[in-house]
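Have a look at the structure, then work through the points below.

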Amino acid sequence: MPKQARILCISLTLIDCLPNFRVDQTGTEHSSGDRSMTNPFDIKNRFRARLRAADAQKHRIRAKLLQDGTRALAPITEALHLMAEVLEEDGIEHGRIDCPVPEVDRDDFVGFTATLHNGADQEHRITVKYGPVLGGRNFIAVTGLGAEYNERLLTLASNAAPTLGRSVGNDVHVEADRGGDLAEILREMVEDFFAGHSEPPIRTGTSEARGRLALVQ
C-alpha cells in the first residue's frame, strides 16, 4: 500500500475514535459518547426515585398533620362519642349520632362531619376542621352550629382573648387550643337538638286543657 494511502487510512481511523460533539442552541457542546442523560433507563430511574422521595415526604407531613389535628379535635370528638353512647344505651327512638374519625382531606385539613339524627327523623350536620388559614396559623373551623351557638362560641372565645375567635362566612374559627370551648358549645347544641323540645306543648283550645290549667293555678 502506498505511503500516502496508509497515512489517510490511519487518519480516518483516529477520527472515528474521537467523540462526536454537537452544539445545541445555547452554544453548549455535548458529546454523543456521554449517554448519562439520554439513557432511557437512567431517565426513568431518576424520575421514579424523585417521585418516591416526594411521596415519602408528603406522607410524613400528612401523618404529622393528622397527629396534631386529632389531638386538637380530641375534646370535640370525645364529647360527641360520649353522647352517641348515651343514645345507643337508651334506645334508637331517641336518635343517633354518626361521628367518623378525623381524616386528612385533599386540601390538607384534618376534620370530620358529624351527623345528628333525632327521633323525629330530623337530620343535622356539623363539620369541624383543623388546619392553617391565612397567615399560616392553625385554627379549628366549625360549620353547622347555627347563628345562636356561633354567637355563644365567639363570646366564649373572646372572653379569653379578643383574637381567639372570629366569624368567616358561615364558619367560626377559633384558635387550635380552644377545642374545649368548642366542645362545650357543641354539647349544648346537641342536647338542645335531641332534648330541647322533649316536653309537648300545652293545648289551650279544649275544655280539658283549660281544666288542667285551672288545676295548676
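1. Arg-62 and Asp-108 pair up through their side chains in a salt bridge, 2.8 Å from N to O. By salt bridge I mean a side-chain nitrogen of Lys or Arg within 4 Å of a carboxyl oxygen of Asp or Glu. This one ties together distant parts of the chain: Arg-62 belongs to helix 2 (residues 40-90), while Asp-108 sits in the loop between strand 4 (103-104) and strand 5 (110-118), 46 residues apart from its partner. Helices (H or I, at least four residues) and strands (E, at least two) are DSSP runs, numbered from the N terminus.

2. A word on where these come from: this is a predicted model, with local features needing pLDDT of at least 70 and side-chain atom pairs counting only at pLDDT 80 or more, while totals for chains, interfaces and linings use all residues. Residues are numbered from 1 along each chain as its sequence is written, and side-chain values use heavy atoms, leaving out hydrogens and water.

3. Buried or exposed? Arg-62 is partly exposed at 24% relative accessibility, and Asp-108 is partly exposed too, at 35%. The cut-offs are under 20% relative accessible area for buried, over 50% for exposed, and partly exposed in between (1.4 Å probe, protein chains only).

4. Within helix 2, Arg-71 and Asp-68 are three residues apart, about one turn. They form a salt bridge at 3.3 Å between the closest N and O atoms. Arg-71 is exposed, at 51%. Shared partners join Lys-64, Asp-68 and Arg-71 into one network.

5. Arg-178 bridges to Asp-181 at 2.6 Å, and both are buried.

6. Searching the whole structure turns up 11 salt bridges.
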